[in-house]
Amino acid sequence: MQQGTLMRKVKSKSWKKQRFFKLQEDCMTIWYQSKRTGKTESAFSISDVETVREGHQSEVLQSVAEEFPPERCFTIVFYGRRGNLDLIAGSAEEAQCWIQGLRQLIEPRSFPLTFALVSRTWIRDWFQKADKNKDGRMNFKEAQRLLKMMNVDMNEDHALRLFQDADKSESGTLEGEEFVLFYKALTQREEVLSLFQEFSEDGKKLTLLELVDFLREEQLEDEGTEELAMELIDKYEPSETARARHVLSADGFLMYLCSVEGSIFNPQHRALWQDMSQPLCHYFISSSHNTYLIEDQIRGHSSIEGYIRALKRGCRCLEVDCWDGPNGEPMVYHGHTFTSKIPFREVVSTLGKYAFKVRHPSPGAGGPGWSLVGEDTCAEGSWSCWPPAVQDARGQGPWWCWVAQGASLSPTPQELKHKILLKAKKIGRLEDTLDGPGDEVPDGSDEDNGAEAEEERRRAKVMLVGAAPIRRTQHGSALQKDKETLAQALSDCVIYCKNVPFQGFQEARSHSRPSEISSLSEAKARKLIRDEGNEFVRHNAWQLTRIYPSGMRTDSSNYSPQEMWNVGCQIVALNFQTAGTEMDLCDGLFSQNGCCGYVLKPPFMRDKETLFNPSDPSSREGPGPITLTIQVISGQQLPKVANSKEGAIIDPLVRVEVYGVPADQAHQETKYIENNGFNPRWDETLQFQLHVPELALIRFVVEDYDKTSRNDFVGQFTLAFANIKPGYRHIHLLSKDGTSIPPSSLFVHIRISE
């Protein structure tokens, strides 16, 4: 790999250009250049690579499958929304060399990164960026340039003093360990050292008992504290001598605070920690809208990448809109629009590969098999596209959900493990066949004037817990409604998620069944929340409800899912391709419980006779309001704003936002710190009162203050209040796309009181 390889970079069936790829000596950077001009086109870091896929696992490589065998093809997948890189090697051996080499380089990220590993990688990256003439040494001018790159505006005299202190050889340049010393001097954490010395009698180490005192008094660890202290010393103390003496140095203390155990997110809640034996309607379920789209709703690109990204993000409810294509081949796209199309066969194949893969493997996570709910609209002939396990009339294979004699009409995630449920219309009564997928025709007050409900009426869906294919044929004029004929074989598979029209809560209670589901537009849902909040909560305690975005959101924007979760709606469908606060909330809620895509609703939302109404917090049964106190202490190595001017340094501030019932919605922010994105200190305390903490999500946002225009986004982290760990904690920031940006973090002190 380091010697370089000539490969084809493929963008389409007709665009295949030869490029020379090479892994740099740092084993962290890959660049490629044109074979014809020799000019370097681009470079990317190994840290940007999420995974490597072998064979024809992209639409582009599938389009050239007849020309190039799968053994020579592979796809490099990047974090976030950066496009994939499809490559064709000269031979199968060359392809394997790159595939295995790249996997070895990114493999360590399969496990939690230690603070030391992140720091070493970070130090090396900065040295290479600042070493302008690539001589392996750094002079003071290059060091000054480095400070600007690192978001530090430092007095020149102070910077020179740090540089000279690190220059042990007195050569006027820094190399190797000298640069490490310089970097450590820059990253000295005074606030952490002060905390360390507060509990250390000699100011140099924490004895086992002193560490136990810190864990009990500040971190509020009340069980097995001595055992935990021993584990932390063994895991994070870098000195073998100190480990043997069962003491923790200042470096070890910092490593602990920057670790998983020192994170604001309760590590026990990362694994599967909730009861999975409740009925499906008792869970919030991670759900996507028009999953196949990766751009807008009118002219956007349809891609199997939409399914892969959603599934890897923990999504359990997918949408497959399938229409008759050429020669009877069913195609997936947004009907009556100009979006591109993908074969239904490819979508099904993708679901087979990714439906039950573990997102974040963790002990006790219960495996990757949590059921998928799929909404599907497909042509009758598409039945043959499903894998053999699905085609089995009795669903005996590992995928398909079927009803055993005497089975419950309210199945649980545990019972449905490794199954796919189809959500769609079902042949039965005539109105079940001809009515839409459970959507009430909006009245004149609906913001969409019936347009989006009519579109929903024309299609059915596949949810990964699944849907019955529909064959669409035109009759009469263009103004006449499509007539839909369901495929009997797939209709028979719709068991637990039969679409029914919503005709009011009283009607549902009198005539509907727990195995049925209704879909509502966001506008209709808001009206019901406003007018009949308690009835909505009660309804969702025994039956599934799906919420979908307004038809006016052609740009694939999202509505706030929080107001829908406040009344217990389980399937709140969002456009996963669009970054923003709404997807931050979604990721924040579903980042717990093993990332399985199911989160158990609080007890007062699982009771069919509950009195709870989100507009009246006092209706919640249980203890009174709690107070959340957050001291925002400092920030570390915050990233620069995208597309900022060279030499620009951010002025960071921190805003804490609370999302929940209306009475709990709030936000507060710190002052901004001028010209310091490297180690800003705020030392400000923010306080919030939560009336319904069980539904609250807390979002930490860092922005670059701008007095003349809107602040720029720097990073964020969102989590459910139930997952907060009190004490001195680090918050590891995420990008707009929800990807990690190590080692950027906030250091806070959390207190929770009644």
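Start by selecting Lys341 and Tyr333: the charged end of Lys341 sits over the ring of Tyr333, 4.5 Å from its centre. (A charge sits over a ring if NZ of Lys or CZ of Arg is within 6 Å of the ring centre and within 35 degrees of the ring normal.) Before you click on, note that this is a predicted model, where local features need pLDDT of at least 70, side-chain atom pairs count only at pLDDT 80 or more, and totals for chains, interfaces and linings use all residues. Residues are numbered from 1 along each chain as its sequence is written, and side-chain values use heavy atoms, with hydrogens and water left out.

Now pick Arg189 and Phe747. Here Arg189 lies over the face of Phe747, at 5.4 Å from the ring centre.

**The hairpin**

Select residues 317-324, strand β11, and residues 330-332, strand β12. (Strands are DSSP runs of E, at least two residues, and helices are runs of H or I, at least four, numbered from the N terminus.) The two pair in the antiparallel sense over three bridges; strands count as paired if DSSP finds at least two bridges between them. Look for Cys322, which stands opposite Val332 in β12. Five residues separate the two strands of this hairpin, and Asn327 in the turn has a positive phi of about 55°. Seven of the eight residues of β11 are buried, so this strand is largely enclosed by the rest of the structure. (Buried means under 20% relative accessible area, exposed over 50%, and partly exposed in between, with a 1.4 Å probe and protein chains only.)

Next, select residues 92-106, helix α2. Its 15 residues reach 21 Å from the first C-alpha to the last, close to the 21 Å expected at 1.5 Å a residue; the expected span is 1.5 Å times one less than the number of residues. Colour its buried residues: Ala95, Trp98, Ile99, Gly101, Leu102 and Ile106. What covers them includes β1 (5-10), β2, β3 (29-34), β5 (49-54) and β6 (73-78), with contact meaning heavy atoms within 4.5 Å.

The structure holds 18 aromatic pairs. (Rings of Phe, Tyr and Trp, the latter by its six-membered ring, pair if their centres lie within 6.5 Å; planes under 30 degrees apart count as stacked, over 60 as edge-to-face and the rest as tilted.) One of them is Phe21 with Trp98, edge-to-face at 6.4 Å centre to centre and 80° between the planes. Phe21 lies in strand β2 and Trp98 in α2, so the pair ties together parts that are 77 residues apart in sequence.

For a tilted pair, jump to Phe604 and Phe612: 4.8 Å centre to centre, 55° between the planes. Phe604 and Phe612 are buried.

**The EF-hand stretch**

UniProt, in an unreviewed entry, places "domain: EF-hand" at residues 118-153 and 154-189; such annotations may be inferred rather than shown by experiment, and positions follow the numbering used here, with feature names shortened. Select 154-189: the end C-alpha atoms lie 16 Å apart, and the span is 58% helix and 0% strand. Asp165 lies in helix α5 (residues 156-166) and is partly exposed, at 49% relative accessible area. Then show Phe140, Phe163, Phe179 and Phe182, which form one aromatic cluster.

**Last stop: two positive phi values**

Go to Asn675, in the loop between β26 (666-669) and β27 (681-690). Its phi is near 50°, a positive value in a residue other than glycine. Finish on Asp683 in strand β27, where phi is also near 50°.
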